[in-house]
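Me: Hi! Could you walk me through the contacts in this structure?

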Amino acid sequence: MTASIIVSIYIFVLAIFVGFEVITKVPPLLHTPLMSGSNAISGITIVGALISAGAGHSGLSTVLGTLAVICATINVVGGFLVTDRMLEMFKPAKKGTSQP
Amino acid sequence: MSTVTNLVYLLAAVLFIFGLKNLSSPRTARRGNALAMLGMLLAIVITLFDKQILDFTHIIIGLIIGGAIGVYAAKTVQMTAMPQMVALFNGFGGAASALVAYAEYVRLSGPPGMDVLITMVLSVLIGTVTFFGSLVAFAKLQGIIRGAPIVLPLHHVVNGFLLLVALGLGGLFVFDAPQGAFLLAVVVASTMLGILSVIPIGGADMPVVISLLNSYSGMAAAATGFVLSNSVLIVSGALVGASGLILTEIMCKAMNRSLANVLFGAVGTDGGGAVAGERRPVTEYTPEDAAMVLESAQSIIIVPGYGLAVAQAQHVLHELATILMERGATVRYAIHPVAGRMPGHMNVLLAEANVPYDMIYDMDQINEDFQNTDVALVVGANDVINPAARYKKDSPLYGMPILNVDKARSVMIIKRSLSPGFAGVDNELFYDPKTMMVFGDAKKVLTELVHELKG
């Protein structure tokens, strides 16, 4: 066990606690956008994928990296856009008007 | 990794946390999503400056293909199809994590530390399970394969065995020799595990499965973060992992079932089964009669379910609600946590139909009010209003918290037939003297109701 892995484990555990604190406050109303939005965040693997695809090590690692960039980009772009599309629709009642 | 890169990654992680924090209210949620987007953009841009990147050709190809698919899917998906879309995006996230870990193995220079090898195996395993599990969930929700549980002989034994095989091969990879064959074998075993662990789970249990897969995709990203010693991956992965776990727990609680029971119980039918036993009389109403009842109601609570999504009837439902409100009635919507096929599914549909979110109530907020309500109007929901959940100990629904629709002064149920819900259990409420059954497709019946009330 190197020192860096211990630091990584610290970061991981503390981030889980932050996640629990922040996400328990999300109301059921927004659970679907929460899911698609957090989904997009998990596409952060893209930063690893970019390096694998661009480092030009071997044919195989470039192919795997390029596939990873495609998958991660779908995840990131699709996830954030669809979340925005949903959140745009959530509106409070306007007084005096019933329907647009 | 340079100091600047690391600091930008930290900023990205902070933006993700702020983004999720802003999701605590519908007023700030959109801004929150934008903050998370900004964080992602910063992380991507700073990575492109990394000295390890020598050739941008493949990166550009990947970004263009992935971006085009992502934009197209996000812009064209219907709100009713959101559960399968989220499942699919999720799967791609898992696949990306597994691919990055595998690519990292391929380009290893020199003997890696044991910690790197362990996390590599975990990343490949979890990522692959996420991808194939999500594909199966997508296929089930999209109707490509049937929604009912598909159970093989000794299914759970096989799954347990596969997990052991995957971990055993991973162990060989880590402790014996980091050979490609072992890692490839881990991929094969986790592929089968991903498919076989989702295939026995039925339609209405999907909210749990999707939440869990969401959590897995986070865990896979975190594991990849360990492989790359990249803190932003670890933080983001942990956040998503925690989010998925919380949703999983909420969904399980809302069905009063343990996670193990959902994953291994293989509960449910396709929802189209015939009613067992003799037919009992029900009170059937035509849309004209139903319109008269609604006309004289002072207070109405609408209970939507998955059937609303299937019939795409959310817009006409709200048109009806608007007419009733204009006539002076109080109209509210009551949402059960597991209504639909993913957490919050109904809320998104109603938002699409321009229902203001302050008309929408969670089960806990509104359950006491049913007893003072003239009409509980149920559209396409069944198991979540089945009173058997309260008293019938041998029912698969027993103990599940339900919406107290049966406490309302009268109940109106719009439904295609008397067929039981997903759990395959007959619903007592259909035969209650105060229940009016209006048979037909939800969209058609609601359109007729609107027509009657307008005329």
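Predicted model: local features only at pLDDT ≥ 70, side-chain atom pairs only at ≥ 80, totals over all residues.

Me: Great. How many residues does the contact take from chain A and from chain B?

Reply: Chain A gives 82 residues and chain B gives 100 residues, with contact meaning heavy atoms within 4.5 Å.

Me: And what area is buried between them?

Reply: About 8200 Å² is buried between chain A and chain B, and carbon and sulfur atoms give 77% of that. Buried area here is the accessible area (1.4 Å probe) that two parts lose on being put together, summed over both.

Me: What about polar pairs and salt bridges across chain A and chain B?

Reply: There are 17 residue pairs in polar contact between chain A and chain B, both residues at pLDDT 80 or more. A polar contact is a pair of N or O atoms within 3.5 Å; within protein, one must be able to donate a hydrogen and the other to accept it, and residues adjacent in sequence count only if both atoms are side-chain atoms. The rule also finds one salt bridge across this interface, and B:Arg30 and A:Asp84 meet in a salt bridge at 2.9 Å, N to O. The rule asks for a side-chain nitrogen of Lys or Arg within 4 Å of a carboxyl oxygen of Asp or Glu.

Me: Which helix gives the largest share of chain A's side?

Reply: That is α4(A), with 29 residues. Helices (H or I, at least four residues) and strands (E, at least two) are DSSP runs, numbered from the N terminus.

Me: Switching to chain B, what domains does it have?

Reply: The assignment gives domain 1 (77–264) and domain 2 (287–454), with bounds from an automatic or database domain assignment. Their C-alpha centres lie 36 Å apart.

Me: How do domain 1 and domain 2 of chain B meet?

Reply: Domain 1 of chain B brings 21 residues to the contact and domain 2 of chain B brings 19. They bury about 1700 Å² between them, 73% of it on carbon and sulfur atoms. B:Met79, B:Thr80 and B:Ala254 supply 32% of the area that domain 1 buries against domain 2, more than any other three residues. Zero salt bridges are found across this domain interface, but four residue pairs are in polar contact, both at pLDDT 80 or more.

Me: OK, how many salt bridges are there over all chains?

Reply: The structure holds 10. One of them joins B:Asp205 and B:Arg257 at 2.9 Å, N to O. B:Asp205 is in the loop between α7 (180–198) and α8 of chain B and B:Arg257 in the loop between α9 and α10 (259–265), so the pair ties together parts 52 residues apart in sequence.

Me: Is B:Asp205 buried or exposed?

Reply: Buried, at 2% relative accessibility, and B:Arg257 counts as buried too, at 15%. Buried means under 20% relative accessible area, exposed over 50%, partly exposed in between (1.4 Å probe, protein chains only).

Me: And where does B:Arg409 stand?

Reply: B:Arg409 is partly exposed, with a relative accessible area of 48%. B:Arg409 forms a salt bridge with B:Asp374, the closest N and O atoms being 2.6 Å apart.

Note on methods. Residues numbered from 1 in each chain as written. Chains lettered and ligands numbered in written order. Heavy atoms only, no water.
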